[in-house]
Protein chains: 6
Amino acid sequence: MKPVVVRNIKRADGNAIGTMQALGVSTTHEALGRSGLMKPYMRPIWAGACIAGPAVTVLAQPGDNWMIHVAIEQCQPGDIMVVGCTADNTDGMFGDLLGTSLKARGAKGLIIDAGCRDVSELKEMGFPVWSRAISAKGTVKATLGAVNIPVVCAGVNIEPGDVVVADDDGVVIVPKKLAVEVAAKAQKRSDDEGAKRTKLAAGTLGLDMYNMREPLAKAGLVYVDNPEDV
Amino acid sequence: MKPVVVRNIKRADGNAIGTMQALGVSTTHEALGRSGLMKPYMRPIWAGACIAGPAVTVLAQPGDNWMIHVAIEQCQPGDIMVVGCTADNTDGMFGDLLGTSLKARGAKGLIIDAGCRDVSELKEMGFPVWSRAISAKGTVKATLGAVNIPVVCAGVNIEPGDVVVADDDGVVIVPKKLAVEVAAKAQKRSDDEGAKRTKLAAGTLGLDMYNMREPLAKAGLVYVDNPEDV
Amino acid sequence: MKPVVVRNIKRADGNAIGTMQALGVSTTHEALGRSGLMKPYMRPIWAGACIAGPAVTVLAQPGDNWMIHVAIEQCQPGDIMVVGCTADNTDGMFGDLLGTSLKARGAKGLIIDAGCRDVSELKEMGFPVWSRAISAKGTVKATLGAVNIPVVCAGVNIEPGDVVVADDDGVVIVPKKLAVEVAAKAQKRSDDEGAKRTKLAAGTLGLDMYNMREPLAKAGLVYVDNPEDV
Amino acid sequence: MKPVVVRNIKRADGNAIGTMQALGVSTTHEALGRSGLMKPYMRPIWAGACIAGPAVTVLAQPGDNWMIHVAIEQCQPGDIMVVGCTADNTDGMFGDLLGTSLKARGAKGLIIDAGCRDVSELKEMGFPVWSRAISAKGTVKATLGAVNIPVVCAGVNIEPGDVVVADDDGVVIVPKKLAVEVAAKAQKRSDDEGAKRTKLAAGTLGLDMYNMREPLAKAGLVYVDNPEDV
Amino acid sequence: MKPVVVRNIKRADGNAIGTMQALGVSTTHEALGRSGLMKPYMRPIWAGACIAGPAVTVLAQPGDNWMIHVAIEQCQPGDIMVVGCTADNTDGMFGDLLGTSLKARGAKGLIIDAGCRDVSELKEMGFPVWSRAISAKGTVKATLGAVNIPVVCAGVNIEPGDVVVADDDGVVIVPKKLAVEVAAKAQKRSDDEGAKRTKLAAGTLGLDMYNMREPLAKAGLVYVDNPEDV
Amino acid sequence: MKPVVVRNIKRADGNAIGTMQALGVSTTHEALGRSGLMKPYMRPIWAGACIAGPAVTVLAQPGDNWMIHVAIEQCQPGDIMVVGCTADNTDGMFGDLLGTSLKARGAKGLIIDAGCRDVSELKEMGFPVWSRAISAKGTVKATLGAVNIPVVCAGVNIEPGDVVVADDDGVVIVPKKLAVEVAAKAQKRSDDEGAKRTKLAAGTLGLDMYNMREPLAKAGLVYVDNPEDV
């Protein structure tokens with residue numbers, strides 16, 4: 001890893017980002033072929049936010065938030081900062097001062113594979129964070145990392161400018177070159193689901209709506225009337 | 001495991017279920033002799049719900065929700081679906097479409113030893129779920145399991161028709177043949193607690209109310225005035 | 001460990017406690033030199049409380065809450081009970097009856113390195129608890145422990161009368177002999193942060209406000225214009 | 001749970017047990033249709049043992065090994081003791097004295113969903129144990145449990161007399177009424193594998209031996225020559 | 001925490017240490033009244049060592065091993081170094097160079113609530129380490145900690161000079177002022193166990209040897225002949 | 001993710017690989033600037049192996065080992081297979097038959113972010129595996145993944161042909177374009193360490209050898225003679 005900051009990155013298509021923000025993580029993740037999802041230990045520090053935006057990536061050393069300060073300067077309105085670490089760590093590398101600064105730059109939120117602190121202040125500010133832990137543990141500013149290089153965060157590889165979608169279900173990353181295609185698929189999936197939801201709410205069974213009875217029987221599923229018949 | 005669906009199950013007594021829903025998990029668990037509690041990793045996806053009902057049980061393969069579709073048809077109003085897996089898994093096997101369908105059948109909620117997704121939608125619908133994880137990870141419909149056979153979920157063995165009680169404290173299972181007896185014991189315990197609560201709120205010490213001073217002294221507890229006397 | 005209850009403990013300075021309650025966990029933890037923080041698995045059972053007070057300490061056996069009953073008598077208004085265990089345990093050793101009793105004594109809250117139950121009732125009562133788990137698992141009253149001796153709770157050693165500060169960021173312990181000094185440092189830190197927050201909100205970068213550009217360059221940080229220049 | 005000891009249990013067929021001991025956990029688990037496997041946190045305290053035998057089951061309270069003493073009397077030569085707990089626990093509930101006694105009864109080993117201690121002594125004695133933890137934490141003899149009732153251990157429900165198979169790959173439980181059928185299937189599977197192993201060792205690819213190329217192509221798998229062709 | 005090194009510490013009695021090393025962790029832990037045991041995540045990096053000695057304590061910042069270098073100078077032959085951290089961490093803070101240096105000082109081993117690396121080299125050298133993880137992750141030498149002040153390591157508070165006993169069962173700490181008394185109790189316990197072991201090996205049941213039958217009956221244990229009698 | 005197999009990959013320099021295999025994980029990881037290390041949950045199934053080789057990468061669905069069969073054909077002598085999964089999983093996706101086949105192709109070992117089974121057979125064969133779990137849980141061959149595309153395994157992104165180094169300390173990945181440079185740095189580091197080891201073994205303190213006394217004093221470290229002077 002070279003200690004480097006990349007100034008100009010290509011950001012994913014804005015319209016596609018808007019679509020994905022409207023549809024949320026689960027639908028986007030399905031449209032991407034069920035990949036790109038961060039591990040489920042990544043949880044929002046407060047419930048109810050749903051954001052999407054291009055990633056400004058940070059590789060940090062555990063317990064050291066120096067590079068987050070550096071990365072804020074590279075953020076444009078609408079961006080989402082994504083921080084990966086070189087080792088597992090739960091220290092509180094991000095708090096309300098950094099949140100104030102990121103918000104002032106117009107950034108939409110933060111994804112960090114480490115800890116977050118000042119969570120009640122960040123909630124009050126309406127600044128959303130997804131993290132692996134909440135911890136007041138303070139950090140140093142001693143070792144370099146990098147900004148806007150590819151980083152692994154919570155099990156997913158992210159290139160700068162890739163789309164980040166985050167809501168109460170978790171965080172998914174869409175490679176920027178697939179953004180338009182995935183947004184379209186996600187929209188189609190969502191449209192289809194609307195009709196299905198109406199039918200299911202009216203009492204139609206998925207077994208019938210999806211024509212599952214025949215393949216279930218073929219796979220060998222047997223119905224018996226009573227427990228003692230098993 | 002045979003791939004089977006049992007159609008007719010004996011459900012626990014309805015009055016007993018009503019009592020347990022009114023009293024909640026901790027009281028019911030005590031009345032059952034402190035057993036039947038699922039592991040504490042099972043958490044509600046939203047706070048505040050308290051439900052009780054007979055179990056419709058599902059044994060699923062990890063990452064495969066085919067049998068949940070099958071099991072919905074076996075649910076009657078008031079039932080609670082309980083899903084165990086053949087291996088540890090956190091994939092989001094249940095979402096708002098399945099929630100819509102279960103709700104349309106009159107089911108009260110879901111207990112799943114795996115992941116759940118669409119949590120903000122499910123919260124808005126008022127459909128309660130207890131799960132081991134929240135995850136957008138999509139699933140397949142490829143392998144058979146079984147419905148209404150005994151399953152292990154979060155460390156507890158459940159027979160179809162057993163009583164499920166779930167609230168913010170967790171999930172407890174009461175065998176159906178003990179339901180009436182346990183409900184009565186739970187009611188008695190709750191009645192006793194009301195009087196105790198009033199006394200404690202008025203400043204009476206548990207030490208006195210429970211007559212603990214003598215057994216404590218007998219067991220060897222010593223009071224000293226200052227730290228240096230230890 | 002001797003089964004002993006110490007009746008008279010020296011409590012930390014009240015003014016210092018008031019200051020720390022107003023400033024919260026993260027600021028206090030920084031003022032203490034980034035030490036004294038409990039492990040991040042300690043979480044509030046409901047969000048939004050911020051308390052500080054002198055510790056009444058309890059050493060309990062896992063799954064046994066007898067000593068909590070004993071310790072309540074030793075609590076004065078404003079105290080916070082801190083319970084450590086002799087082995088890892090998630091059983092629900094504390095519930096609404098004990099909460100009612102502690103509240104009646106004027107105690108501000110509970111910190112327990114084990115499980116808590118009746119969480120919706122405790123939330124309704126406004127009694128805050130920080131615990132490692134939520135669990136309905138019932139406990140016994142069979143084995144002695146000790147009250148007001150030094151205990152380890154969630155990785156931190158606590159002397160009776162030390163200051164406990166707890167909020168949504170976690171729990172920090174300040175030794176009572178350092179309380180006045182730490183409160184002063186925390187206040188100074190908070191005052192400094194106010195000015196910084198205003199500047200950052202106005203768009204000033206931390207890079208400039210903290211004069212980081214030169215040390216970053218000295219440490220070897222390089223800026224490039226494009227990804228292919230890395 | 002009633003505090004009861006069942007004296008006479010039906011044990012699974014001895015020949016079937018012998019076959020499964022010779023074939024090991026992975027093969028038996030496959031023959032059972034990929035079910036019945038305990039969670040992978042169950043590990044041997046020393047490597048290299050492979051045992052099979054009928055289960056004498058114990059339900060214990062966490063940190064209390066009284067019922068293990070009771071259960072030893074119910075063991076016959078060749079039996080394997082299986083201990084489940086009413087709550088998660090890692091205390092060292094079993095050590096070399098209990099191991100000496102169990103060995104004197106002719107029991108083959110122990111499966112315990114809790115901790116084990118005296119591991120170097122047990123290794124020297126050649127007495128195999130599978131546990132969720134190694135811990136010197138001592139226990140009490142204070143609360144009743146039960147012997148030879150169905151128990152859940154590491155996620156699996158076990159009836160007394162069911163077959164336990166345990167080796168370096170983990171622990172699997174075979175219901176006694178399926179023992180003969182599963183042993184036969186396991187033997188057939190093992191015989192088939194011998195021939196396959198020889199072919200694979202000689203360089204034949206699984207792709208060809210299992211005729212996978214066509215279904216892979218049908219499922220849509222594409223081969224490209226170079227990374228840039230993806 | 002002040003950045004301080006304490007040069008002269010009082011070490012526990014040498015004879016008592018010798019006795020405890022001969023008897024091991026489980027027996028010593030029992031003699032101490034079942035307290036003082038580190039959490040079971042502390043495991044030896046290689047099996048078979050059993051050591052005891054006075055503690056030289058280190059408080060380190062996570063991912064920083066500067067203070068270990070400092071502490072080596074304070075070690076005398078027979079000492080055991082004990083390292084606690086201010087936050088949870090698994091980085092490899094100790095390797096074969098530090099091991100060579102500690103061994104040259106005559107230290108018997110290391111207990112570290114963080115990661116260890118070079119484990120095959122350390123095993124070859126015969127230098128025993130108990131750690132929470134094995135990890136090659138490198139560390140820095142940037143922040144001060146302290147040497148020979150009280151530290152919390154894996155859930156236990158340790159004063160400099162306290163006795164550390166470590167073997168395959170884990171790590172236990174005996175306060176130095178209790179060392180002689182605990183060693184004597186441990187020896188007595190061990191002598192008693194010898195006779196018990198002989199009886200148990202000859203087939204005597206613990207039920208009879210410990211006279212458990214009457215208290216079990218009194219507590220309500222019932223024997224039935226067959227499962228259907230439950 | 002497209003279901004694709006890339007046939008021709010560029011492999012890292014063979015001499016560099018040889019050097020890194022001789023030096024091991026910790027030294028290589030340091031030479032890479034303390035990055036590229038897999039999470040410490042990746043452990044060898046048997047101790048003592050140290051291997052290095054170019055990566056053949058596999059992206060698999062959890063609980064499905066179809067793509068491992070496909071990938072074996074792409075392995076050349078000396079290669080190491082690296083398997084990442086699209087979701088957290090501990091199923092035993094690799095066993096002795098696949099091991100036999102990989103060994104027949106000349107592959108040196110396997111790195112898998114999932115479970116492994118038949119561990120005693122693999123040990124006997126001398127085929128090394130690093131995995132996140134040991135589990136007998138069987139898998140299916142139902143869903144496509146990809147071979148020789150970039151994958152994330154245990155928190156690290158790996159390109160096909162990158163260098164994998166694995167030993168008892170864990171697993172590190174070196175990008176192929178940095179292989180020669182890193183191997184040279186690692187060799188230099190190892191040479192330097194030889195001289196240091198000799199000095200330390202002779203009793204020289206790291207404090208003196210690394211000239212740490214002055215920077216420690218500058219950073220504020222204070223020596224006191226006795227505990228009461230703190």
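Start with chains A and B: four salt bridges link chain B and chain A. A salt bridge here is a side-chain nitrogen of Lys or Arg within 4 Å of a carboxyl oxygen of Asp or Glu.

Before going on, some ground rules. This is a predicted model, in which local features need pLDDT of at least 70 and side-chain atom pairs count only at pLDDT 80 or more, while totals for chains, interfaces and linings use all residues. Residues are numbered from 1 along each chain as its sequence is written, chains are lettered from A and ligands numbered from 1 in the order in which they are written, and side-chain values use heavy atoms, with hydrogens and water left out.

**Stop 1: chain B against chain A**

Select R213(A) and E73(B). They form a salt bridge, with their closest N and O atoms 2.9 Å apart. Now look at the elements on the chain B side. β1 (4-6), α3 (66-72), α4 (96-104) and α5 (119-125) of chain B each give at least two residues to the side that touches chain A. Such helices (H or I, at least four residues) and strands (E, at least two) are DSSP runs, numbered from the N terminus. By class, this side of chain B has 15 nonpolar, eleven polar and nine charged residues. Ala, Val, Leu, Ile, Met, Phe, Trp, Tyr, Cys and Pro count as nonpolar, Asp, Glu, Lys and Arg as charged, and the others, Gly among them, as polar.

The contact (heavy atoms within 4.5 Å) takes 35 residues from chain B and 35 residues from chain A. The size of an interface is often given as the accessible area lost when the parts come together. Between chain B and chain A the buried area is about 3100 Å², and carbon and sulfur atoms give 62% of that. Buried area is the accessible area (1.4 Å probe) that two parts lose on being put together, summed over both.

Two strands pair if DSSP finds at least two bridges between them. Click Y223(A): its bridge partner in β1(B) is V5(B).

**Stop 2: chain C against chain A**

Move to chain C. Here 36 residues from chain C and 35 residues from chain A make the contact. Select R34(C), D169(C) and Y223(C). These supply 17% of the area that chain C buries against chain A, more than any other three residues.

Which residue of chain C meets R7(A) in a salt bridge? It is D225(C), at 3.2 Å, N to O. Now show α2 (25-31), α6 (179-201), α7 (206-209), α8 (213-219) and β12 (222-224) of chain C. These are the elements that give two or more residues to the side touching chain A. α6(C) gives the most, with six residues. By class, that side of chain C has 18 nonpolar, seven polar and eleven charged residues.

Within the pair, V4(A) stands opposite V222(C).

**Stop 3: strand β3 of chain A**

Select residues 51-60 of chain A. Ten of the ten residues of this strand, β3, are buried, so it is largely enclosed by the rest of the structure. Buried means under 20% relative accessible area, exposed over 50%, partly exposed in between (1.4 Å probe, protein chains only).

P54(A) stands opposite V163(A). β3(A) pairs with it in the parallel sense over six bridges. There, A55(A) stands opposite I80(A).

**Stop 4: I80 in chain C**

Is I80(C) buried or exposed? I80(C) is buried, at 0% relative accessibility. I80(C) lies in strand β4 (residues 80-85) of chain C. Leaving aside neighbours within four places in sequence, its contacts include I51(C), A55(C), L110(C) and V164(C).

**Stop 5: N65 in chain E**

Finish in chain E. N65(E) sits in the loop between β3 (51-60) and α3 (66-72). N65(E) is buried, with a relative accessible area of 6%. Show K141(E): its side chain and that of N65(E) are joined by a polar contact of 3.0 Å. A polar contact is a pair of N or O atoms within 3.5 Å; within protein, one must be able to donate a hydrogen and the other to accept it, and residues adjacent in sequence count only if both atoms are side-chain atoms.
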